[in-house]
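Please look at the sequence and the structure first.

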Amino acid sequence: MIRLPFVLFFAALLFSAGVYGVLARRNAVMVLMAIELMLNAVNVNLVAFGSQLQDVTGQIFALFVIAVAAAEVGIGLAIVILLYRNRESINVDEVNLLKW
Amino acid sequence: MVAEAATAASGIITSSWIVVLLPVISALLTLFFGKRTPGKGAVYGIVALGAAFVMSLLILWHFVQGGGTYTSGVDWFTIGPFRVEVGQYIDGLAAVMLVVVTTVSLCVHVYSLGYMDGDVRFTWFYVVLSLFTAAMLNVVIAPNLIQLLIGWEVMGVCSYLLIGHWYEEKQNSDAAIKAFITTRIGDVPFMFGIFALIFATGFTTSNISAIGELVKSHELSSALVAGAAILLFGGTIGKSAQFPLHVWLPDAMAGPTPVSALIHAATMVAAGVYLVGRMYEVFINAEPWVLQVLGIIGAITMLGSAFMALIQDDIKRVLAYSTLSQLAYMVASMSLGPAGRNAAFFHLFTHAFFKALLFLGAGSVIHAVHSNNMSDMGGLRKPMPVTFWTFLVGSAALAGIAPLAGFWSKDEMLVSASEGHELLFAIMLFTAVLTAFYTTRMVVQTFFGTYEGHGHPHESPPSMAGPLVVLAIGTVIVGFLGAPQLHAPFFKWVFFDEPEALHFEAWIALVGTAAALLGIITAWKLYSPKRETDPLRRFGGAWNLLEHRYYIDAFYMKGIVYPVRDRASAAVYWFNQHVLDGIVNGAGAAARGLAQVVNLFDRGVIDRAVNGVAGTAGATGGLLKYIQSGNVQRYMAFLFVGVLVLAIVFAKLV
């Protein structure tokens, strides 16, 4: 069995990679993928603690998160498609109409 | 019947104050509703005075029945041990005065219906007339000096208002001011006299009879009492127009004639004499020189004003000087002790009737010929029979012809003076000659000879003739009340303690009548033939002196009024220019300076604060708006940093 600290460290790396992707990527699809990375980092944590504490709640919660993440990606991709249709681009730097 | 009336009378005496209240009510009613009432409101005064007159008669009846003095009151105010009541003190004297005042006032109220008909301030005239009557009645019944003083001063104000009734003419308003200020000069010592008496009692009472008892028992310092008596007499000198404050009364004739009859002949001027009689215990128990002062002042005034009456052409001024002279008779008689006091009161009583009669008669004549001057009259005997006969009755009474009122009272005073006051007796007798002389002169010039004026004079309306007849009847009968042959009932009612002070001396009655006849015959001889100039002008120097009123008025003007007025006006001008203007300008400059400071503060601090707040908010907003870039990733980065910070803070990692 893998020891918990390693798993947590791995999840933290995964989450950090996700945060970096969300903040730094220009491509909207890549931003969505980075969000998936963060969610999955959380899932890893949930499963790891569930296994560690011999409690099935963590795994069930992880399943819910996967379901929500699927729905979220569905909406996110729909927004990206509409964005592309309107602006011929999916560069998030150019999506800055929501300002002063 | 008599018994019933007696009980009614003794019952009514407890509510004598209603007699005072009635004219107050009528004055208020006339003031507020007079102009809307038919007849312009005269009816209130007449009805109220009629009721007051009936009540006064009932009150007098109580004393005729031999009833006693009645006094009552309610607390007004208290200062430490000094308690002042407002109430009534009714003795025979007060009862007689109530009758006199209400009779004359009622006659004058009725008479004014005709005399003042069509006057611009008819209603106002009746208001003040009623108010005056109330004030005089208040003086009569006042149990203490404070209440008396109030009536006294209200009378002064009413006198002022009525003398100046036709104030459109400067002469009239000047006369009103002169009367008010001159009597006021007498009122100042009067007030100090009151204070001195209250002080002498140790601030315990201002009650007249209580003070009388204290003075009688010599419990008060005699010097203080003498001083107080002289100060009180100052009030009498002012109100009763005695020398040296006599100057206002002749000028007061500027008022309407009914006013002259009521105020300046029968009642208010008599109040001064009444005061001396009321406070007689103070006068007679003070040091002897006090009464001597009364006698001297009385003698000077009686002789001086009788001479003045000789040369007047204005009929009202003849009567005015005659009033001065008769009042001086009373004052002089007051100085002769209790018997003289009694005689003086009797003369006050009779004089009120015949002098009011004479004034109203003169008013009737003036009303007919539209002039005050006797040189515009003459021969009025035929067209004005009622006025003539009543005036003749009044004149005969004034001259002292038996058996009219003036004879009896003058005789009593001469009797009092004959006992050890030879000089005063001689002066009184000589004044009687002069009185008869000027009275005859007045009657002859007015009613005999030929008419010198304009138009066709006619008899006055019944509202004016009626009061004349009533007063003439009064003049005939009131004298008998004091006749010694009829046991002098007047003196029994008024002075139940000492009626024996009165007696009759045949030789004095003869001498008095002879004096009157001497005056009448001389005047008749001089004036009944028609003449262009007054025969008295032969005495050039004396005439000149009299024409200038002994230069007393001129002396007062040049010696007192002008210097005081000029210096005072200069001082007031200086004060105005330097002090008042300085204050006003200073206040203006200060306000201006303050306003400038406030202006600076407003602009510099308050406005700047407000603008600063707005500007700061705007600038900050201008800077902060750049944060809202519209770039979601940047928002996210802020969010992330924020979460990190919070995590660090809450996890206490630092």
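A residue counts as buried if 20 or more other C-beta atoms lie within 10 Å of its own, as exposed if 12 or fewer do, and as partly exposed in between, with C-beta atoms placed from the backbone. By that count, 49% of the 654 residues of chain B are buried. This is a predicted model, in which local features need pLDDT of at least 70 and side-chain atom pairs count only at pLDDT 80 or more, while totals for chains, interfaces and linings use all residues. Residues are numbered from 1 along each chain as its sequence is written, and chains are lettered from A and ligands numbered from 1 in the order in which they are written.

Chain B has 25 helices and 2 strands, taken as DSSP runs (helices H or I, at least four residues; strands E, at least two) and numbered from the N terminus. Its radius of gyration is 36 Å, well over the 26 Å that the globule rule gives for 654 residues, so chain B is more spread out than a compact globule. The radius is taken over C-alpha atoms, and the rule is 2.2 Å times the number of residues to the power 0.38. Along its principal axes, the C-alpha trace of chain B spans about 145 × 60 × 50 Å.

The largest nonpolar core has 201 residues, and B:Leu98 is among those that touch the most other members. Such a core is a set of buried Ala, Val, Leu, Ile, Met, Phe, Trp, Tyr and Cys residues joined through C-beta atoms within 7 Å. Helix α16 (residues 338-369) of chain B gives the largest share of this core, 20 residues.

Where the chains meet, 10 residues of chain A are in contact with 10 residues of chain B, contact being C-beta atoms, placed from the backbone, within 7 Å. In this region, A:Val19, A:Val22 and A:Leu23 of α1(A) meet B:Gln633, B:Met636, B:Ala637 and B:Phe640 of α25(B).

| Residue | Phi | Other C-beta atoms within 10 Å |
|---|---|---|
| B:Phe203 | near 55° | 14 |
| B:His370 | near 55° | 11 |

B:Phe203 lies in the loop between α7 (170-200) and α8 (208-216) of chain B and counts as partly exposed. B:His370 lies in the loop between α16 and α17 (385-399) of chain B and is exposed. Elsewhere, the peptide bond from B:Phe243 to B:Pro244 is cis, with omega near 5°.

Methods: Contact = placed C-beta atoms within 7 Å.
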